[in-house]
Structure formats: C-alpha cells, structure tokens
Amino acid sequence: HDLTIIDRDLPALQRAEGSLDVMCISGNGASIRTLMEAGARQSDLVIAVTNSDEVNIVCCLLAKKLGAHHTVARIRDPEYSADAPLLQKEIGLDMIINPERAAAMEISRIFRYPSATGVDTFAHGKVEMVGFVIEQNDRITGIPLYEFNRLYPNRTLLCAIQRGREIIIPNGDFIPQAEDIAYIIGNPLELRRCFLLMGRPMSRIKDIAILGGSRIATYLTWELSKSDMHVRILEKNINKCEHLSELLPNALIIHGDGTNSEVIEEENIFQSDAFVSLTDRDEDNLLMALNAIHAGVPNVAAKMTRPNYIDLSKDVGLDSIISPKEITANII
C-alpha cells in the first residue's frame, strides 16, 4: 500500500520516516490544501486519528468532498459516540473508531469467558473466536481432536494452536498439549458449552474492581451494568471521582491510590471476582495486575500501550492484555 502521513509534529514525522516506508507531509490534516497535497482526492482510504475529535470529523468531511473513497475517524468523546449513526449518515463517514470503547468491549468479552486470553467477534457478534491456554487437567489435553469430538460432540472448531513460536493449523489427528495456546471458534452459546465439556468451570463474574477512572473504565462500567455486575472503581483524583459518581450512579467510586497496599487491603480490592488495571501508566498496570494474580484474583486484565511491555507482560504470566491501539488497528 502507498501510505502518506500528515502531522504537525516534526519529530513524530521524522520518527515515522525513519522506521516506516511512508511519505510524510508536515501540515494541518483539516486543511484542504494539505489534504490535496497528500493526494486525498485520489485516495482509497483516509484515516483521521488526531487527538481532536473535531479535527478528525472535519478532515473526513473535507476528504470525502474531495473524492476520497472511504473515510475513518477516531471519535472518543462519549457525546459524539452517541451521535455516531447520525454523523455517519450526514457527513458520510464510513467508520467511526473509539479506542476506549473498543478496549472496554474487549474486556467485557474476556470476562464472559473466564478462561480466555482474548476474544474476537465476527458477523456482528454471532460468531466469536476465543483464545485460551490449554491446561493439564483439560479433557482435551493429550488426546486427538477427533477422539475428543467423539466423546464430547460439539459445534465448535479448534482452528489454530500456538506452540511456543510455532502456529499450527490442526487436523483431527492433532493432539493438544498443556501450555498450548488454542483458538476456538463458534457461536457464543456453543463456545460456553465446549468449555464446560473440557472441564472448565464457567462461574459467573459478579464483582469487578477497576483501577483508574479512565474513559475505558466508564465505557466498561456501562457495558458490565447490562449484566448486573457490581463494579468498584478506585481513582486517586478527587475531581475525577466526583465526575464518575455522577456519570456512573450504579458503580461504587472509591477515592484512593490504587498502588497503595493499605488502600487495597482496606477496600478488599483483591477479594473481587475480577480485577482490571486501567491507569495511564503501563508500569502501574503491570505491577498491580501481577499483585492481583499473586493475591488469587481469578480473572485479571491490564491495559498496555507500549509493545515491549506487552511481550514482557506475557512472559511474567499476564495473559489478558488490552492494547487500545492494537485493537483499533485490527478493527480498521
């Protein structure tokens, strides 16, 4: 693909030019002159992902008027997100992406399958692919897939296995081993049934503790409240706490430093069924997630933004890692 990047930040453009095979243009993405210079008139796709929702909307509107075939805008403000269908219809946006909402949806899907390391959806949620680590006590471990399906008939497909750094597309004779990362696909009801057939308990998560009152926490609380889950959010900024208490009347907002062990003990944070660390610091998210695992919290997830931290997190035993940037890129 021929890629062109527009940005006002010269150091950012220099980094991109040095590490990517792209053409870089310094300028304002909401300027017709800059868009024309970048070739928006002939482009198949224009993606606007600045930190300003308004700039992204204007950029896509202008690009569409110039003749761009498809436009994608990052819109993060919950008020704008609520108007997404109207924006798409009136402005001609082909897609609206919201990294925080996408991350929240990913976390909620992972919590539907307590064994999962990741969940991908297809066909508007009718089909899901769940990744999970095979354990020694699973009934699927150590026997050929055809034998497991004969003993425990189900309508799912084990479509891929990651063994170390090798990716395997299994056939009926394949024998799963403990520590393999398996990817299984099917409709949500059949997937839950398959986990039960493997001997995996599907205990319902009722109490969730969230570290950090971020936008992801807000979207996640809205999503979890649909399933009558009890949510507690630990946030050290008092102004954020007051805002969240108005925005999320059904959640318990706790003012305190979530990295302080005394606060964790006083509020029984690690007595929850699930724990998610969603602060702005990857280091805090990783540390607190590991503390939660050590304390015996059965379901733990953490937000990571740096690619090198994602690999480190997996190496130290944290499987459920949420990367808003990666999720957004995959959606596009």
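# Close-up views of a predicted model

View 1. E223 is buried, with a relative accessible area of 18%, whereas K226 is exposed at 62%. Here, buried denotes under 20% relative accessible area, exposed over 50%, and partly exposed the range in between (1.4 Å probe, protein chains only). The two residues form a salt bridge whose closest N and O atoms are 3.2 Å apart; the term requires a side-chain nitrogen of Lys or Arg within 4 Å of a carboxyl oxygen of Asp or Glu. By this rule, the structure has 11 salt bridges.

The model is predicted, so that local features need pLDDT of at least 70 and side-chain atom pairs count only at pLDDT 80 or more, whereas totals for chains, interfaces and linings use all residues. Residues are numbered from 1 along each chain as its sequence is written, and side-chain values use heavy atoms, with hydrogens and water left out.

View 2. In helix α6 (residues 99-112), E106 and R109 stand 3 residues apart, about one turn of the helix. Their side chains meet in a salt bridge with an N to O distance of 3.3 Å, and both residues are buried. Helix α7 (residues 145-151) holds E147 and R150, likewise 3 residues apart and about one turn of the helix. The closest N and O atoms of this salt bridge are 2.7 Å apart. R150 counts as exposed because its relative accessibility is 55%. Helices are DSSP runs (H or I, at least four residues), numbered from the N terminus.

View 3. N285 belongs to helix α12 (residues 282-295) and is buried, since its relative accessibility is 0%. Its side chain reaches the backbone oxygen of K303 at 3.0 Å. Apart from neighbours within four places in sequence, N285 is in contact (heavy atoms within 4.5 Å) with S277, L278, T279, A302, K303 and M304.

**View 4. Cysteines C159 and C194.** The structure holds 0 disulfides, a disulfide being a pair of cysteine sulfur atoms within 2.5 Å. The cysteine sulfur closest to that of C159 is in C194, 12 Å away, which is too far for a bond. C194 is buried, with a relative accessible area of 2%.

**View 5. Nonpolar surface patch.** L45, I47, V49 and I332 form a nonpolar patch with about 310 Å² of accessible area together. Such a patch joins nonpolar side chains (Val, Leu, Ile, Met, Phe, Trp, Tyr) within 5 Å, from residues with over 30% relative accessible area and no salt bridge. Areas follow the Shrake-Rupley method with a 1.4 Å probe. I332 lies in the segment after α14 (324-331) and is partly exposed, at 39% relative accessibility.

Methods
Patches are made of residues with over 30% relative accessible area and no salt bridge: like charges are joined within 9 Å, nonpolar side chains (Val, Leu, Ile, Met, Phe, Trp, Tyr) within 5 Å. Helices (H or I, at least four residues) and strands (E, at least two) are DSSP runs, numbered from the N terminus. A polar contact is a pair of N or O atoms within 3.5 Å; within protein, one must be able to donate a hydrogen and the other to accept it, and residues adjacent in sequence count only if both atoms are side-chain atoms.
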